[in-house]
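Please look over the model shown below and follow the report with the structure in view.

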Amino acid sequence: MLTIAAYIGAAIAEIAGCFAFWMWLRLDKPAWWAIPGLASLALFAFLLTLVDSAAAGRAFAAYGGVYIAASLVWLWLVERVPPDRWDLIGAGVCLLGSVIILAAPRTLL
């Protein structure tokens, strides 16, 4: 349960941090937008360390699917652009990949 919460929190923090930079650099908002953006990106990095995984790369790989799905939620709720069926199918495939990575039985070689 902590892993799911960490992934969701990390996705929100990463997207919000990147969006702050987007606002500054692409939408001509003041440079101070970078300050909460940097704080949010630091929170994102911290939250990923809470994921229950013996290997950082595996935790990051599984996070990718959660990030994709969360980005589409952001697209819909914040940017007011509804995802289309291809967005939803793609996100579903990615989330399935995340589950496979996290839930697969591991054996030592």
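Helix H4 contributes the largest share of the lining of the largest pocket, namely 5 residues. The structure discussed here is a predicted model, and its largest pocket has a volume of about 200 Å³. The residues that line this pocket are Ile-4, Tyr-7, Ile-8, Ala-11, Val-66, Ala-70, Leu-95, Ser-98, Val-99, Leu-102 and Ala-103. The elements that each give two or more residues to this lining are H1, H3 and H4.

The chain has 4 helices and 0 strands, and when the sequence is read along its course, the pattern is α-α-α-α. Helix H1 covers residues 2-26, helix H2 covers residues 34-48, and the other two helices, H3 and H4, span 56-77 and 85-103. Taken along the principal axes, the C-alpha atoms fill a box of roughly 50 × 35 × 20 Å. Of the 109 residues in the protein chain, 28% are buried.

Two of the residues in the pocket lining, Ile-4 and Ile-8, also belong to a nonpolar surface patch, which they make together with Met-1 and Ile-12 and which has an area of about 470 Å². Ile-12 has its place in helix H1.

| Residue | Relative accessible area | Class |
|---|---|---|
| Asp-28 | 69% | exposed |
| Phe-60 | 46% | partly exposed |
| Arg-80 | 64% | exposed |
| Asp-84 | 39% | partly exposed |

Next come the loops between the helices. Asp-28 is found in the loop between H1 and helix H2, where it has a positive phi of about 60° although it is not a glycine. With a relative accessibility of 69%, Asp-28 is counted as exposed. Arg-80, which sits in the loop between H3 and H4, has a phi near 60°, and this is a positive value in a residue other than glycine. Arg-80 is exposed as well, its relative accessible area being 64%.

The loop between helix H3 and helix H4 also holds Asp-84. What does the side chain of Asp-84 reach? At 3.0 Å, it reaches the backbone nitrogen of Trp-86. Asp-84 has a relative accessible area of 39%, and because this value lies between the limits of 20% and 50%, the residue is classed as partly exposed. Asp-84 and Ile-35 are 49 residues apart along the chain, and their C-alpha atoms are separated by 33 Å.

Phe-60 lies in helix H3, and its relative accessibility of 46% makes it partly exposed. Between Phe-60 and Pro-30 there are 30 residues of sequence separation, while in space the two are 32 Å apart, taken from C-alpha to C-alpha.

Key. Residues are numbered from 1 along each chain as its sequence is written. This is a predicted model: local features need pLDDT of at least 70, side-chain atom pairs count only at pLDDT 80 or more; totals for chains, interfaces and linings use all residues. Side-chain values use heavy atoms; hydrogens and water are left out. Patches are made of residues with over 30% relative accessible area and no salt bridge: like charges are joined within 9 Å, nonpolar side chains (Val, Leu, Ile, Met, Phe, Trp, Tyr) within 5 Å. Accessible areas come from the Shrake-Rupley method with a 1.4 Å probe; for residues, only the protein chains shown count as cover. A salt bridge is a side-chain nitrogen of Lys or Arg within 4 Å of a carboxyl oxygen of Asp or Glu. Buried means under 20% relative accessible area, exposed over 50%, partly exposed in between (1.4 Å probe, protein chains only). A polar contact is a pair of N or O atoms within 3.5 Å; within protein, one must be able to donate a hydrogen and the other to accept it, and residues adjacent in sequence count only if both atoms are side-chain atoms. On a 1 Å grid over the protein atoms alone, a cavity is a set of points where a 1.4 Å probe fits but cannot get out, and a pocket is an open set with protein on both sides within 12 Å along at least five of seven lines; lining residues have an atom within 4 Å of a point. Grid points are joined across faces, edges and corners, and a volume is the space filled by probe spheres set on the points.
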